[in-house]
Amino acid sequence: MKFHEPRNLAILNALIITVTYIILFFSSVVLIFPHAFTHFSSYLILILSSVLLFLMAYFIFRYTLERFIYSKIRLIYKSIHLFKVGKKEKPVILPEQNIIENVQTEVESWEDEKQKEIEQLNRLEEYRRDFIGNVSHELKTPLFNIQGYVSTLLDGGLEDPTINREYLKRSEKSIERLVKIIEDLDEISQLDSGHIRLNVTRFDIVALTQEVAEMLEMKAIKHHISITVNKPEKHILVEGDKDKIRQVLTNIIDNSIRYGKCEDGHTKITFFDMDENILTEITDNGIGIETSDLVRVFERFYRTDRGRAVTRKGKGLGLAISKHIIEAHQQTIQVRSTIGVGTTFGFTLKKA
Ligand SMILES: Nc1ncnc2c1ncn2[C@@H]1O[C@H](COP(=O)(O)OP(=O)(O)OP(=O)(O)O)[C@@H](O)[C@H]1O
Ligand SMILES: [Mg+2]
């Protein structure tokens, strides 16, 4: 029996009063009229009056309790409800609603929501901390390089023909890297805030992939990697921002070369018809990505240890931008990988 419910509390109180009444009735009647309980009618009076008292006490208690509790809880319920539905909607409390039960469920679901929000905020806070750490780390390296070269040049290196041009060139490279990082970050934040308007057109995804593959061919040859575009018989028309999708393809194919197998490496691009969408998959037989890193490679500045070991050139921003671009199209991008076997990146686009 739940004693926090007004009905049960009223029963308990009515019982206490009735039992007290019976005891008092007995003791007083026995004292004053010792022979009264020999008559059946006395018992009948006692039973009837007890039942009546019980019912009266029950209803009075229940009514007062409910009025009291409801007046308090109504306010809490209203506040919770207002908070949940937003200030615009007015909460409607129907007379048949059990407010106490409602408050309990509302508070429980509210608690769940708040718990989830706290977890998400903690994750965001952790992500923000990592992000700031990563930004400063990525900016520090080229900045310190520039500082070193400029100091050497100012300390007399400017007059030394063996190093002056070379140090200026290296400084220029570091500046280019800084500019690229800032441009990439700017692009991500613009995509994030929804400020970039997609210029959606219909285009042939196979032709665009072919174009990107040709553009990266020289780089691939240098790394002994072959690129194959599995061309279907027909054109595949999709809807999207062509320049942005070119950027996605460039980064993923470039990654397949960068983190590809040094000897006899290959990158294969295949298209799959998925009813409403077209799935483009880019598969390499390169170094692969650890399972624990798979979910993180789309984070800004995230680079795997294996990736860092292969090259220091990466900024860890290409996949973050790609993910933002694909999500701005309301489509998805995923990755699967096995260490030593290779990696497949896939993204979908709406069929035109
Ligand atoms: N095909 C791949 N095979 C193995 N590792 C990969 C592959 N693609 C990406 N990675 C890992 O994911 C990380 C993030 O990739 P991402 O393209 O975002 O950055 P990046 O290539 O390092 O630099 P950039 O910003 O210049 O593209 C890489 O540093 C690498 O560790
Ligand atoms: Mg990249």
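Predicted model: local features only at pLDDT ≥ 70, side-chain atom pairs only at ≥ 80, totals over all residues.
Local features require pLDDT of at least 70 and side-chain atom pairs count only at pLDDT 80 or more, while totals for chains, interfaces and linings use all residues. Residues are numbered from 1 along each chain as its sequence is written, chains are lettered from A and ligands numbered from 1 in the order in which they are written, and side-chain values use heavy atoms, with hydrogens and water left out.

The shell around ligand 1 holds 21 residues, the closest being Asn255, Thr304, Lys315, Leu317 and Leu319; a residue is near if one of its heavy atoms lies within 4 Å. By class, the shell comprises 8 nonpolar, 9 polar and 4 charged residues, with Gly counted as polar. At least two shell residues come from each of α7 (242-258), α10 (318-328) and β7 (342-351), and α7 gives the most, with 3 residues. Helices (H or I, at least four residues) and strands (E, at least two) are DSSP runs.

The table lists polar contacts, pairs of N or O atoms within 3.5 Å.

| Side chain | Atom of ligand 1 | Distance |
|---|---|---|
| Asn255 | oxygen | 2.8 Å |
| Asp284 | nitrogen | 2.9 Å |
| Arg303 | oxygen | 2.9 Å |

Of the 600 Å² of accessible area that ligand 1 has on its own, the protein covers 98% (Shrake-Rupley method, 1.4 Å probe).

**Salt bridges**

Across the whole structure, 20 salt bridges are found, each a side-chain nitrogen of Lys or Arg within 4 Å of a carboxyl oxygen of Asp or Glu. One of them joins Arg177 and Glu138, whose closest N and O atoms are 3.2 Å apart. Because Arg177 belongs to helix α4 (residues 164-193) and Glu138 to helix α3 (residues 99-154), this pair ties together parts that are 39 residues apart in sequence.

Terms used
Polar contact = N/O pair within 3.5 Å; in protein donor to acceptor, adjacent residues only side chain to side chain.
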